[in-house]
Amino acid sequence: MTFSLPVILQAVASGLMIGGVFALISIGLTLIWGVMKIINFAHGEFLMIGLYLAYFLVTKFGIDPYLTILITTPVLFFVGIGIFQVSIKPILKHPPMNQIMLTLGISLILQNLALVLFKADVLSVRTRYTGINYHFGGVVVTLTELIAFFGSILATLALYYILKTTDIGRWIRAAAQNPTAATLQGVDVRFTYLLAFGIGSACLGVAASLLLPFYYVSPTVGLFLGLIAFVVVVLGGMGNFLGAFVGGLIIGLTESLGAAIMPGSLSRVLTFGIFILFLLFRPQGILSRRQA
Amino acid sequence: MKQMKQYREFLVPLVVFALAAFLPLFLKTYYMHIAILILIWAYLATSWNILGGYAGQHSLGHGLYMGIGAYASTYLALEFGLTPWVGIFVGMAFAAIAGWFVGYAAFRYGLKGAYFALVTIALTEAAVYVVSNWKAMGGAAGLEVKYLGTDPFMMQFDSKLPYFYIILFMTLLAVLTAQWLNRRRFGYRLIAVRENEEAAEAMGVNTLGTKINANVLSAVMTAAGGTFFAQYFTYVGPRVVFGEVVSVQILLFAIIGGLGTVWGPLVGAVILVPVAEIARAELGTQFQGAHLLLYGGVLVFTMLFMPNGIVGLAKSIRARFGKTPDDTMSVSASEGGAS
Amino acid sequence: MTPLLEVKNLTKVFGGLTAVGDLTFHVDRGEIVGLIGPNGAGKTTCFNLLAGAMTPTSGSVHFKGEDVTGRKSHQMCKLGLTRTFQVVQPFPDITALENVMIGAFVRHGSTGAAERKAREVLDVVGIAHKADTLGRDLTLMELKRLEIGKGLATEPDLLLLDEVAAGLTPVEIDDILTLVRRLNSEGMTFLVVEHVMKVIMNLSHRIVVLNFGSQIAEGTPAEISKNPAVLDAYLGEEEYVA
Amino acid sequence: MLRVENVSVQYSAFKALHGVSIKVEQGQIVSIVGANGAGKSTLINTVSGLLRPTEGSITLDGVELTTMSAHDIVRHGVVQVPEGRKLFPDMTVHENLLVGGSHKRARAGRDEALTQVYDLFPKLLEREKQSARTLSGGEQQMLAIGRAMMSQPTILMMDEPSLGLAPIVVQSIFSVIQELRNRGLTVLLVEQNIRHSLQISDYAYVLETGTVALEGTGAAVLADEHTKAAYIGSPTGAETH
């Protein structure tokens with residue numbers, strides 16, 4: 001609990017690094033909300049699946065943690081699509097609360113299934129990237145955080161590119177902005193929902209592989225990261241892609257600066273405080289001008 | 001005669017609970033424990049149901065009020081020796097204040113549906129971290145109720161029997177409250193707000209005030225449940241009484257049993273709690289979380305196949321031979337194809 | 001005598017768009033006043049402003065001599081001004097009787113009294129036999145009657161009717177007209193927005209015509225039906241050559 | 001080419017159309033007029049597949065559209081310019097147009113269609129990179145029409161294209177509709193502005209409370225007293241049919 005400049009700088013650096021990953025985690029959620037107006041409470045648990053998958057690929061098969069992206073991303077894509085088909089699609093027209101309850105149910109299932117299968121142990125991996133640090137003045141940045149940060153930015157840019165320049169991307173955005181109008185342009189809206197859910201989940205595959213080398217896995221890891229994703233998404237404006245990225249960085253900074261200057265886990269109160277204030281006073285998020 | 005008619009609606013709950021009062025004659029200690037658990041969750045779900053079921057505002061943060069009730073009475077007992085019989089009312093008062101502020105803030109700014117759910121979940125999660133860092137409240141370790149053996153004055157008993165009757169009585173009161181709402185102006189206004197806020201407002205219902213009052217009533221009742229919870233388990237911890245998982249459990253039984261119905265929460269708890277408890281007892285050592293797995297599965301099943309819960313399903317089966325309302329079609333519906 | 005409702009220079013601007021501009025008119029006790037205009041003319045906005053669902057940008061609304069500008073819907077209702085909705089807004093999961101009771105609770109605290117009032121109203125609007133049917137199970141005609149009943153149950157001095165005839169067959173429309181006329185002869189005052197011109201021409205004592213948010217004409221039905229500005233607003237300009 | 005035969009539509013308690021039959025022939029402008037609530041939009045939305053008829057059939061050159069999904073109907077060339085434009089407000093003008101031309105059949109000729117649309121509406125080319133929400137009402141209507149043109153429709157249905165527009169803008173929209181017809185497009189037009197629409201129509205139907213009350217050439221329908229009565233009513237005429 002010191003307020004010296006090096007401590008602050010260190011916190012800013014770490015905050016930005018983890019903020020990039022928060023952004024990537026949240027972008028999937030904001031995409032799903034933006035397109036079909038469903039809040040996926042199982043989002044954090046999807047990430048947990050990705051983390052366990054990456055963990056076992058690294059520990060059981062000796063695959064390089066960053067190469068697991070090639071597996072975690074498509075697997076999460078299909079996990080998303082599968083769950084969408086079985087459970088979300090049938091209730092797309094139901095009241096929003098039923099959808100929330102359903103995804104809460106899915107999150108309970110996944111969380112406790114993980115508990116049953118893998119026990120409550122907190123797992124982490126040591127890789128050949130672990131322990132490599134870089135010093136910038138007094139600030140220490142680990143290689144794994146650095147890779148996660150730039151990896152997240154790359155993945156975000158790639159997704160942004162897809163949404164902006166491809167027909168599929170335009171379908172998804174069109175369906176998000178006005179599903180009826182999209183239908184009237186010949187867009188199969190349900191198919192774009194399916195794609196958006198798949199892509200939103202696939203982001204978590206990337207995030208999981210990037211996180212694993214410096215984070216941990218446990219059945220409840222998704223509980224906290226899922227909530228963080230909600231905070232980021234609300235901060236950025238629900239459905240706002242760019243907002244989610246900025247929001248991710250801000251929450252990363254809040255968490256890490258808060259931890260540097262506040263005792264214990266009190267910084268979490270700050271994070272949730274921001275969340276609550278935004279929900280009340282600026283539900284449209286930091287970037288949007290219009291009312292949500 | 002007229003008086004009689006007015007109170008006849010309370011007859012069924014009174015008879016049901018009077019019969020339930022004989023249960024201890026037939027139950028072994030372990031089953032008494034399960035009966036108490038059923039009643040705790042039925043009580044909490046009934047309290048939640050007033051806001052979530054009747055008024056249609058789905059709070060995902062009722063752990064906040066449960067925690068306030070649990071912590072207030074426990075802290076006052078530990079620190080000042082205050083009897084929980086009084087502490088329970090202090091907790092309820094604090095919950096009323098919290099409920100008013102939460103209700104005012106959320107509803108004044110027009111939070112609905114998903115946004116209301118998110119803000120309530122954020123509040124209760126924030127409470128977890130506040131309490132975890134609050135030394136006087138025992139921090140992350142929580143507070144233990146000092147064991148005194150049987151001390152009725154301090155709401156402590158060696159036997160399960162008194163606990164059973166206390167929570168039975170509380171649940172009876174909660175069910176009577178729900179039953180009372182069913183046929184009173186305030187209750188009708190809650191339903192009007194749930195069904196169509198705009199129309200309710202146009203018909204003279206102060207929707208903001210109604211929702212805030214519902215939140216306060218629901219919070220106060222939930223807090224009392226928190227005090228009992230603390231006394232029964234003789235322990236309170238931040239994650240145990242606050243937090244997302246508890247909040248979800250509180251509303252689970254109302255949703256599965258039947259939202260906005262008098263008996264739904266109780267039916268939900270009676271059916272689910274024993275199964276979950278047996279699962280926990282039988283499988284708990286190998287499979288932690290087996291009961292939550294079950295809850296999750298039932299929740300998903302309910303949403304997919306009987307979104308109106310068990311009581312709702314029973315009602316519609318009964319109505320099936322009359323008329324089935326078909327899905328309304330709407331141009332504004334997101335996509336074209338017939339579903 | 002002061003008019004029951006007096007609207008002065010009422011204006012509502014959304015963003016840059018003036019939905020209602022400088023509207024001035026009044027409604028006397030015992031009248032049926034029609035408010036008409038083509039789609040998008042600002043009628044519904046006007047209704048929302050009067051009923052308290054929106055706050056005007058400028059201008060004033062006086063009701064029973066009292067300045068009520070900016071009051072909320074539920075306050076307006078308690079004062080005696082109630083509106084119905086263009087798209088019927090029943091409470092779907094409760095019975096027709098209970099639907100109406102919610103309105104009756106404005107003036108009656110006890111369930112018994114509210115229920116008596118509600119039964120009386122259901123009888124007036126002619127759906128007493130449907131008292132125990134759920135809102136969702138009523139036909140459109142019954143819903144239209146229920147909509148009026150929900151308004152009547154609040155015992156208003158002025159009832160704002162928004163498109164009661166929309167979607168009804170001519171025979172059903174006549175039924176509704178008869179009902180409104182009867183209520184009017186018993187002393188109820190109405191302000192009526194309506195697209196079905198036959199209805200408004202037959203019903204109103206006086207008509208106010210809006211286009212692009214402003215008043216373009218006012219007069220008796222006979223005057224209005226001959227007014228060239230009104231014809232232009234409804235049918236498009238005469239001088240257009242293809 | 002487009003045949004709507006004996007179509008009835010009901011949503012929840014409300015029967016919006018009762019046995020409506022209309023025909024639209026190649027190269028025609030056909031108008032559907034009638035007061036609000038008469039069922040005009042319901043009819044167009046039923047042809048588009050957004051609503052399902054309870055009875056009757058809809059065919060395009062013999063192809064059954066009645067049970068086809070809404071997006072497939074667009075892919076078959078029946079395209080709607082919806083009431084209130086329904087643009088994608090946060091996408092640019094260019095992107096809006098691209099979405100219109102992104103289904104399989106349209107994609108091949110997309111560049112050509114784009115040139116045509118920009119040729120027809122030079123204003124849109126000027127505003128190519130602006131988001132749709134920043135356009136004026138008239139420009140939004142042009143974009144909505146342009147977006148529909150990108151689908152390379154065989155029949156274009158327009159729901160109240162003049163709604164909320166200033167008279168001068170309405171004029172230009174109607175000129176565009178005629179221009180489209182001159183280029184060989186078939187148009188089904190729903191309008192409140194009956195003087196304009198009937199003057200340019202080859203054929204017209206008057207809808208009243210969900211049924212066809214009158215049909216004939218545009219000029220004949222415009223001349224009919226009944227048409228005016230359907231809109232304005234008469235203070236004496238309590239008589240209904």
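**Close-up views of a predicted model**

Of the 5 pairs of chains in contact (heavy atoms within 4.5 Å), chains A and B share the most contacts. This is a predicted model, in which local features need pLDDT of at least 70 and side-chain atom pairs count only at pLDDT 80 or more, while totals for chains, interfaces and linings use all residues. Residues are numbered from 1 along each chain as its sequence is written, chains are lettered from A and ligands numbered from 1 in the order in which they are written, and side-chain values use heavy atoms, with hydrogens and water left out.

**View 1. Here chain B meets chain A.** Chain A brings 51 residues to this contact, and chain B brings 46 residues. Together the two chains bury about 4300 Å², 77% of it on carbon and sulfur atoms; buried area is the accessible area (1.4 Å probe) that two parts lose on being put together, summed over both. Between chain B and chain A there are 0 salt bridges, a salt bridge being a side-chain nitrogen of Lys or Arg within 4 Å of a carboxyl oxygen of Asp or Glu.

**View 2. Look now at the side of chain B that touches chain A.** Four helices, α5 (84–108), α6 (113–132), α12 (244–257) and α14 (290–305) of chain B, each supply at least two residues to this side. Helices (H or I, at least four residues) and strands (E, at least two) are DSSP runs, numbered from the N terminus. The largest share, 14 residues, comes from α6(B). By type, this side of chain B has 30 nonpolar, 13 polar and 3 charged residues; Ala, Val, Leu, Ile, Met, Phe, Trp, Tyr, Cys and Pro count as nonpolar, Asp, Glu, Lys and Arg as charged, and the others, Gly among them, as polar.

**View 3. Chain B on its own has 15 helices and 2 strands.** Its C-alpha atoms fill a box of roughly 65 × 55 × 45 Å, taken along the principal axes. Of the 339 residues in chain B, 59% are buried, that is, under 20% relative accessible area, with exposed over 50% and partly exposed in between (1.4 Å probe, protein chains only). Among contacts in chain B with a separation of 6 or more, 79% join residues 24 or more positions apart.

**View 4. Arg145(C) sits in helix α5 (residues 140–152) of chain C.** Is this arginine buried or exposed? Arg145(C) counts as buried because its relative accessibility is 14%. Leaving out residues up to four places away in sequence, Arg145(C) touches Val125(C), Gly126(C), Ile127(C), Asp175(C), Ile176(C) and Leu179(C).
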